[in-house]
Amino acid sequence: MSLSRDDVKKVAGLSRLRMADEQLDKMAPEINNILGFIEQLSEVNTDNVEPLANVARSNLPLRDDVVNDGDCVDKILANAPEAEEGYFAVPKIVE
Amino acid sequence: MTHLTDLTIASAIKGLKNKEFSATELTQAHIDAMEAARHLNAYIVETPELALKQATEADKRYSQGNPFSLDGVPIGMKDLFCTENVQTTAASHILEGFIPTYESTVSKKLWDAGCTMLGKLNLDEFAMGSSNTTSYFGNVISPWKDQKNPDSQLVPGGSSGGSSAAVAARLCLSATGTDTGGSIRQPAAYTGICGIKPTYGRCSRWGIIAFASSLDQAGAFARNVEDCALMLNAMCGHDPKDSTSSTRDVPDFTKALQGDLKGKKIGIPKEYRVDGMPEEIEKIWAKGIDWLKAQGAEIVDVSLPHTKYALPTYYIIAPAECSSNLARYDGIRYGLRETGDDLRDLYELTRAEGFGKEVQRRIMIGTYVLSAGFYDAYYIKAQKVRRLITQDFDNVFEKVDALLTPTAPSSAFAIGENEGDPIKMYLNDVFTVPTSLAGLPGMSVPAGLDSKGLPLGLQIIGKAWDEETVLKVAQNIETAANFTAKPSMINSQKAA
């Protein structure tokens, strides 16, 4: 299958990437090329095969449900593009 | 006396213990080399003052007779590891100016072992690339030259291209790397050095900027096998802050480095003989087989039938995890922020400005394969094939102790080559990606030069948690290959 320019525009939106029309024109064939390449997986018989998500070879452990970190507001905000009074500052989102 | 920058870690530690030179002198020699080789663009940030401060502390411990295991060893840190108070960027504009307030577990372990940090090493943006040509901070240039075309600049491999170039060019004794689909092994092969990616779960991923979490694993570059073992000794181990890090005991990897290969069975996977592979790669592989035979190993032909599906599987799973991991770069909590009319505008403008082209392409592929209606056809399908690829390895490892393959299908290429076609670039990782998908340990060791005078590497793949056999086989190849070639840059310095 092949993605149209509008499809690519939709994916760019889902990815939160602003793309000008000429970029979409360039990106569409590149993405289609890669999708064509990964398409070959359809020839592999995967009936009754369980998907593999984790190669860690162990069950993921649970830790005790206790607070073990925190009290470091300054560290958390140290790299914020904008911070005010102990919070991240963002543009107004509610009218 | 050997030039201080030409030492191995093991010989440097010996020299420090015998008071032949101080940690300060050793570190200063590397700082001088680093500053004289800025044209390679291997380091994004240099931290000479920090290195010298750490060296002074190391010298104190040597004089008191209680040094740490790697005390005073100058290393470079891939700029994917968060380092407290030192800019960490993943070679991306979106993280330019980001100063972590915490230290990654692996880097902390190396400082606790006494290493000194020369600086943060360049890489492909977010570790996505095979040539170190996607960094926002510019290409890394290999210290090697194609003897037939000495004017062209070569890639050092990727994504850990700053690491491989710096170790090969004697700008540090060792460097860290991360390997998601071959980002340690391929650059090691291109620059004539050793590089090892341990089993997934050996090293903590905590504080390493995430690309594809089910594949990412830290490892080391050095100029011989023993030094790789010394680095792994310091880097590996359980970390409660990474739920996938293993609680297994970490052996002393240097103890594996003795003896021949009598009783060992080495598998040669037939699927790694790919179409269009240069004859010189075939030859070096055949030589490797002969070397192992001469050391007493039994050679066994094996088959990994799903090998050809590893790359397409990888190019679904890695972008899917990348699109999810990189969603955090939203311009709110850290990194770049562009101003927009509303929040969505801010997100889209920030991410479009902050991410480079390859990263944007992978985020979009990942977003697409995870989107409603395509999730099963692409993502779940890829996870199923990933299991088949893993089972291939499980099956052959019932018969053999390790596998021997070429590391990459070519030697280093010129900067700019393979740029037009992403898939051609992806093919560089054809021999390294399957190991990553299966989470197995893999290592590249230099085996010889091709007709261009460029290094070729052989890859050893081991069973899960059996880095020891990988290192042992690698050392047997190292001894037999007797690879003493040095990059053109180093040879011309000697001549000058």
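Guide: We shall take chain A and then a pair of helices. This is a predicted model, in which local features need pLDDT of at least 70, side-chain atom pairs count only at pLDDT 80 or more, and totals for chains, interfaces and linings use all residues. Residues are numbered from 1 along each chain as its sequence is written, while chains are lettered from A and ligands numbered from 1 in the order in which they are written.

Visitor: Which elements make up the secondary structure of chain A?

Guide: Helices (H or I, at least four residues) and strands (E, at least two) are DSSP runs, numbered from the N terminus. Chain A has three helices and two strands, in the order α-α-α-β-β from the N terminus.

Visitor: What is the radius of gyration of chain A?

Guide: This quantity is taken over C-alpha atoms, and the globule rule is 2.2 Å times the number of residues to the power 0.38. Chain A has 22 Å, whereas a compact globule of 95 residues would have a value near 12 Å. Along the principal axes, its C-alpha atoms fill a box of roughly 55 × 45 × 25 Å.

Visitor: How are two packed helices described?

Guide: They are described by the angle between their axes and the distance between the axes. Axes are lines fitted to C-alpha atoms, for helices over the stretch in contact, and angles run from 0 to 180 degrees between N-to-C directions. In chain B, helix H9 (residues 310-325) and helix H12 (residues 375-396) pack at about 130 degrees, with axes 9 Å apart.
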